[in-house]
Amino acid sequence: MAMGKKKRRQDALWIVASDLPKSAGHPFYQRLNVLLEANGFDRFTERVCERFYADGVGRPSLPPGRYFRLLLLGYFEGLHSERGIAWRAADSLAIRSFLRLGLDESAPDHSTISRTRRLIDVEAHREVFTWVQAILARKGLLKGKTVGVDATTLEANAAMRSIVRRDTGEKYEKFLMRLAKDSGLRTPTRAALARLDRRRRHKTSNKDWTSPSDPDAKVTKMKDGCTHLAHKAEHAVDLESGALIVVTIQGADEGDTATISETLAEAEAQLDALIERAPEHADLDAPAEVVADKGYHSDATLLEIEGVGIRSYISEPDRGRRNWKDDDAQRAVYSNRRRTRGSRGQRLLKMRGERIERSFAHMYETGGMRRTHLRGHDNIRKRILVHAGAFNLGLLMRSMFGRGTPRGLQGLISLLSPLTIAIRDACEAMAALWIPSVSPSAWRYHLAVSPAAHGVKHPFTTGC
């Protein structure tokens with residue numbers, strides 16, 4: 001074979017469309033597109049978003065179906081920013097096929113995605129999330145009878161160094177300089193300012209400080225012990241299937257007992273909307289049970305949950321012996337304690353740790369949303385709602401095809417490698433029994449040269 005050499009390249013003036021490169025497509029995205037089109041995804045999104053566009057006036061913009069597919073892509077590819085989504089859409093032929101981009105169409109720019117997100121309101125994103133839930137309900141993957149609740153923190157798109165005083169608008173360093181001068185230090189050094197700051201208590205209270213770029217972000221301590229501006233994401237999950245019922249965005253400085261009532265109210269409203277879309281598959285009594293960790297345990301929370309007719313399975317912290325003054329609170333606490341100590345309560349608490357933490361891992365770790373690149377609760381809620389819909393679509397794809405993410409197909413090959421070795425060893429053992437005169441090494445060579453002659457097929461192919 002002759003060696004190819006680098007030649008001076010000159011692009012052709014005209015290119016035949018059939019000569020342009022094509023992609024066989026990714027098998028996961030092909031099946032996902034079949035699922036979306038079979039349920040009328042594009043027609044539904046165009047009907048929901050029709051009110052945001054002028055009737056026949058102006059240049060046609062990004063189609064709603066393509067916009068929501070781009071946000072789904074952010075979850076499945078683990079892309080945290082809209083710039084990353086736009087770059088991935090322009091880079092991959094398989095992704096272009098998923099987005100239904102023609103040969104003469106350019107991939108949407110990040111500014112187009114951002115402008116479309118600002119145009120479409122939160123309720124439209126929530127309707128897309130409910131549409132995905134209706135498909136899960138028809139497949140028997142969402143009942144909502146037993147609901148698990150937990151929360152996690154998301155790092156905000158704002159820096160601690162940018163916070164300012166709410167009363168005076170001073171930045172942190174100028175505020176320390178003023179304190180130092182008031183204490184008698186005329187020309188304080190940075191070391192003196194650090195010593196002065198160390199002695200103060202509640203130095204970055206959210207009552208006194210705010211972020212000018214993202215007022216919804218609150219100062220809080222993250223799980224790794226570092227202090228950041230952050231938001232709080234609270235999940236309500238169906239413990240039977242692991243499907244997400246609702247995701248709410250709260251202030252990171254709000255306690256769990258203060259936010260659970262809003263999350264349960266939204267979960268109940270979401271299940272009512274699901275009854276309207278799939279009445280024959282929805283549970284009319286849902287939600288009937290709530291499972292949560294000890295951070296949600298309080299007398300007021302238990303009384304509120306009991307007042308709406310829901311059974312609670314909330315872990316109780318060790319508070320020692322209590323002097324009861326409210327008989328209703330005592331009865332609610334003792335009833336919850338009896339349920340959590342039973343065999344069903346222990347099983348539900350174990351499922352809570354598994355199912356809810358799994359949703360956190362998929363959405364925020366591998367899904368790329370642990371740090372938000374958007375500002376304001378409304379903008380973050382839009383992205384999170386479609387992210388949660390993609391998580392539910394992953395559950396549906398896993399139940400139908402065995403894999404819920406594109407990376408799952410790559411993992412399947414590595415799982416099948418030990419199985420392939422075991423099949424080969426079994427064939428060698430059988431060959432030694434059937435043909436004693438043939439050595440194992442000779443049989444291995446013969447099997448590698450002509451596997452079809454012995455009925456051995458290749459175990460897996462992705463088709464790409």
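**View 1. Asp167 is exposed, with a relative accessible area of 56%.** Here, buried means under 20% relative accessible area, exposed means over 50%, and partly exposed lies in between (1.4 Å probe, protein chains only). The model is predicted: local features need pLDDT of at least 70, side-chain atom pairs count only at pLDDT 80 or more, and totals for chains, interfaces and linings use all residues. Residues are numbered from 1 along each chain as its sequence is written, and side-chain values use heavy atoms, with hydrogens and water left out. Asp167 has a salt-bridge partner, Arg165. The N-to-O distance is 3.3 Å. A salt bridge is a side-chain nitrogen of Lys or Arg within 4 Å of a carboxyl oxygen of Asp or Glu. Arg165 is buried, at 13% relative accessible area.

**View 2. Lys232 and Asp256 form a salt bridge.** Their N and O atoms are 2.9 Å apart. This pair links distant parts of the chain: Lys232 belongs to strand E5 (residues 227-238), Asp256 to helix H10, and 24 residues separate them. Helices (H or I, at least four residues) and strands (E, at least two) are DSSP runs, numbered from the N terminus. How accessible is Lys232? Its relative accessibility is 4%, so Lys232 counts as buried. Asp256 has 22% and counts as partly exposed.

**View 3. Glu127 forms a salt bridge with Arg277.** The closest N and O atoms are 3.9 Å apart. Glu127 sits in helix H7 (residues 122-138) and Arg277 in helix H10 (residues 256-277), so the pair ties together parts 150 residues apart in sequence. Glu127 is partly exposed, at 28% relative accessible area. Arg277 is partly exposed too, at 34%.

**View 4. Glu289, Arg311 and Arg344 are linked in a network of salt bridges.** How many salt bridges does the structure hold? The count is 24.

**View 5. Helix H14 covers residues 377-401.** H14 is mostly covered, with 19 of its 25 residues buried. Just after H14 comes Gly402, with a positive phi of about 90°. An α-helix has 3.6 residues a turn, so residues three or four places apart point the same way.

Definitions and conventions:
The expected span of a helix is 1.5 Å times one less than its number of residues.
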